[in-house]
Each structure stands twice: as structure tokens, then as C-alpha cells.
Amino acid sequence: MIRADWHGKRFYSFDSYIKNTFGEKLYKVSLNAGCTCPNRDGTISYGGCTFCSAEGSGDFASSKEETIYEQIENGIALISGKSDARRYIAYFQAFTSTYGPIEDLRNKFYEAIGHPAIAAISIGTRPDCLPKDILDLLDKLNQIKPVFIELGLQTIHEQTARNFHRGYSLNVFEEAVFALNELHIPVIVHLILGLPGETKAQMLASVRYLNGLPVSGVKLSMLHVLKNTAMGNEYLRQPFPVFELEEYVDLLICCLENLREDIVVHRITGDGPKDLLIAPRWSLHKRQVLNAVAHEMKIRNTRQGVNCPQTRSE
């Protein structure tokens, strides 16, 4: 990730934040708590969000058939062959990881947080899956080791959200953010750039919206069109526009220009599973994407200004 400074504007990557907070680099171990999603099991709807894969965004997570401890050990074994990491973040990535029987979730979260190599846990979930008993559990966990909650907002625009079947309104997201903030639990928000029908102005509005909320971080990614999803099937029948690399880089930098400076940038691209990704195929080359962003930042840093709307909060 990138740590940049131009025109008086500073951005901090997740790596920088982690090193400043924990004094060392931490690697994420992706876990599967065996949860499903209310947008899949009929509580809200069936099939999930139209862009979501069968693994519920947990395509890189371990098997739910393994215990959490086994998943952590296996994840560490994979990472240790590529790095000299000593401590890790337990990342509950698959599906909605606060959606399930409270006792089952409690056991799995405590199993993760009790592992000696785990420095913190990060839990991906939906804002409509944070009832009081779950919030109480997260509060207790956060007093043992740091807890991060990742909320999949994707967009602030209700029509877009209805189109991809998100299943909750913006006020539900806001209530979850404020509830977590009261517990001093950092919130990381997922936004998808390039959802069908959204304009550049709408995407920037979603970014600026975060400036008015007590959120800690943001994950930005281009839309991945995947096989065996409702959106993927739609794309194969009638392709809709997806970003070219240059377009995405330009928009991404404008998003950073419009983001509140203390919001940590956890991600600026995404990892679509190679065997499932339909478009954009260039996103498979993550290093190329990061290099293109860094290069464009360097170019813009030599200019007197940038071609982005003026930063403001909404």
C-alpha cells in the first residue's frame, strides 16, 4: 500500500497504521466461522448480493470444516514461508461473521483471540447483524485484544443498493457505526467503485459521506464481475462498462483526495479469484495496479493541482 503526501494532503496505508499501532508488521490470516448471511438464507432474501460469490467473499479463507485454531495454524504455515512475521490478525472474512448462534460465535472468536500469535481480530459483517448480544461480545473481546469490524456498505445510493440486493438501508449502517464507536471499536468500511449505473460523482459522494462519520478506515476496490453470480450472468448476457486500468487509477486518486485525512486506507485494489473473474482481467495483476497508482501520484505531485473535485465533507 501507499503512504503519500502531495499538495498538503496525507494518506496513511494500513501497513503504516499497523506498524505505528503494534510496532511491527502484522499479516492477516483469513478464517471461516461457518456463518451464512441473512441475504442468503431467506431471512431477508436468497442468493445474496448480486456480485457476491458462492463463498461469500471468503474465497481465500480456510475451510469451515477445520477448527479456528487449525485454520490459524494452517494460515500461519502458509504465510511463514513468505515472510518473517511473528504476529497476525485473525480475519473472519467469509460471509457475515456475526450472523449465527451467539454461543457458537463466542467460542470461535475466543478461540481466535486466545491464540498466542494473534495480535488482533478483524470481523467482516453486515450492519444489520450487530444485535446487542453481539455488541456486548465484541466489547468484551476488545478489552482482551484489539477488534476491528469491517462493514460492507459498497455505496450510499439506495437505488444502486436495491439493484444489487444489499438488503438494508443507509440509516441501518449509520446506527451500526455509532454503536461500534461508542464501544471504541474501529470500523472499516468497504466501498465498491464501478457498480453498474453509478457515475464518478456518485462514487465520490460515497467517499465523502464517510468523512462525516466516526469511521477508522476504508477499503476501496473496483467491481469484480465473477462467474456463477447474478451480476456475472447479467454481464455475460449483456456486458456493462467496467473500468480500464487508467480510468480506475484516476478515480481512485480522486477518492483519496476527497477522503478525510485520518481515515486509514486499508485497500486500494481487490483480489478476485483467478478462476472466477470475468472482468476486469487486469485487476489480477495487483503489483501492476499498485505501480500504476504510485506512478500517477508521483506525476500529480509535480503539478500545481489535480483534476479532482475539491475535497469537502457531506
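**Before you start**

The model is predicted, so local features need pLDDT of at least 70, side-chain atom pairs count only at pLDDT 80 or more, and totals for chains, interfaces and linings use all residues. Residues are numbered from 1 along each chain as its sequence is written, and side-chain values use heavy atoms, with hydrogens and water left out.

**Stop 1**

Select residues 68-80, helix α2, and residues 102-113, helix α3. Helices here are DSSP runs of H or I with at least four residues; strands are runs of E with at least two; both are numbered from the N terminus. The axes of α2 and α3 come within 9 Å and cross at roughly 35°. Each axis is a line fitted to C-alpha atoms over the stretch in contact, and angles run from 0 to 180 degrees between N-to-C directions.

Now show the side chains. Which residues of α2 meet α3? They are I68, Y69 and I72, and their partners in α3 are K108, E111 and A112. Contact means heavy atoms within 4.5 Å.

**Stop 1: helix α10**

Select residues 286-301. Helix α10 has 16 residues and reaches 23 Å from its first C-alpha to its last. That is close to the 22 Å expected at 1.5 Å a residue. The expected span is 1.5 Å times one less than the number of residues.

Colour V289, L290, V293, E296, M297 and R300: they are buried. Buried means under 20% relative accessible area, exposed over 50%, partly exposed in between (1.4 Å probe, protein chains only). Look down the axis of α10. The buried residues fall within an arc of 130°, so they line one face of the helix. The arc is taken from the directions from the helix axis to the C-beta atoms. On the other side of α10, R287 and K298 are exposed.

**Stop 2: a cis peptide bond**

Select A279 and P280. A cis peptide bond joins them, with omega about -10°. P280 lies in the loop between β11 (277-279) and α10.

**Stop 3: two positive phi values**

Go to H165, in the loop between α5 (158-163) and α6 (170-182). Its phi is positive, about 65°, although H165 is not a glycine. Is H165 buried or partly exposed? It is partly exposed, at 43% relative accessible area.

Finish at H184, in the loop between α6 and β7 (187-193). H184 also has a positive phi, near 60°. At 66% relative accessibility, H184 is exposed.
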